[in-house]
Amino acid sequence: MAEFFDTLNDKHMAMIAKQPLFFVATAHKDGRINLSPKGYDVFRILSPDRVAYLDLGGSGNETHAHLIADGRITLMFCNFDNPALILRIYGHGRPVLPKDNAWDVLAENFTLLPGTRQIFDITVESVQTSCGWGVPHMRVEKERHTLQKAHSQLDEAQWLAKVSGRTHSIDGLPVTPTDQYFGPVHAEDNEEGARQ
């Protein structure tokens, strides 16, 4: 049975901390619904009613466009181990770019990765838990470092040129491109990750 909460509690935070993956959904009233999986260590709980995640450049920037136009966002975490549990965070978010005044304080919560383009700052409005009995048991084999590697292979001018052209979503909504380059791969990244 589903339960609703106004904010994240200690049990919710402990469950979230164990998850290697989460999903992000946003939409605009006249366009498509966007649903994206997110890996890496990019999610942070800032308080019981505020969370954020670091966003790397990908094939599009739909979440940014939708949050500028609409603001609504849903995050979902699935426990692929025991106990079975699904947790959703419903809220409103905003993109924070490196040029924004809020960037420095928000970015202190993260390790910036190659390809970092923004941080999504999200106000938690409701939390829902449900059984998750239909979710399979799965184990993480390893992180996939391909996205970071692809970003780190571009120099600053190449990377900025690539992202500067992304000014609209699939449905034509405006997007503000990132103007800051973060790369290359950090020295602490292991050789195995660099080969993937």
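The protein exposes about 10900 Å², and carbon and sulfur atoms supply 52% of that (areas by Shrake-Rupley with a 1.4 Å probe, with only the protein chains shown counting as cover for residues). Keep in mind that this is a predicted model: local features need pLDDT of at least 70, side-chain atom pairs count only at pLDDT 80 or more, and totals for chains, interfaces and linings use all residues. Numbering runs from 1 along each chain as its sequence is written, and side-chain values use heavy atoms, leaving out hydrogens and water.

Going inward, 41% of the 196 residues count as buried, where buried means under 20% relative accessible area, exposed over 50%, and partly exposed in between (1.4 Å probe, protein chains only). The fold is built from 6 helices and 8 strands, taken as DSSP runs numbered from the N terminus (helices H or I, at least four residues; strands E, at least two).

Now for the rings. There are 7 aromatic pairs, meaning Phe, Tyr or Trp rings (the six-membered one for Trp) with centres within 6.5 Å; planes under 30 degrees apart are stacked, over 60 edge-to-face, and the rest tilted. Take Phe 22 and Phe 77: their ring centres sit 5.4 Å apart with planes at 25°, so this pair is stacked. Phe 22 belongs to strand 2 (residues 22–27) and Phe 77 to strand 6 (residues 72–79), so the pair ties together parts 55 residues apart in sequence. Phe 22 is buried at 3% relative accessible area, and Phe 77 is buried too, at 2%. Ring pairs also link Phe 22 and Phe 77 with Phe 43, Tyr 53 and Phe 120 in a cluster.
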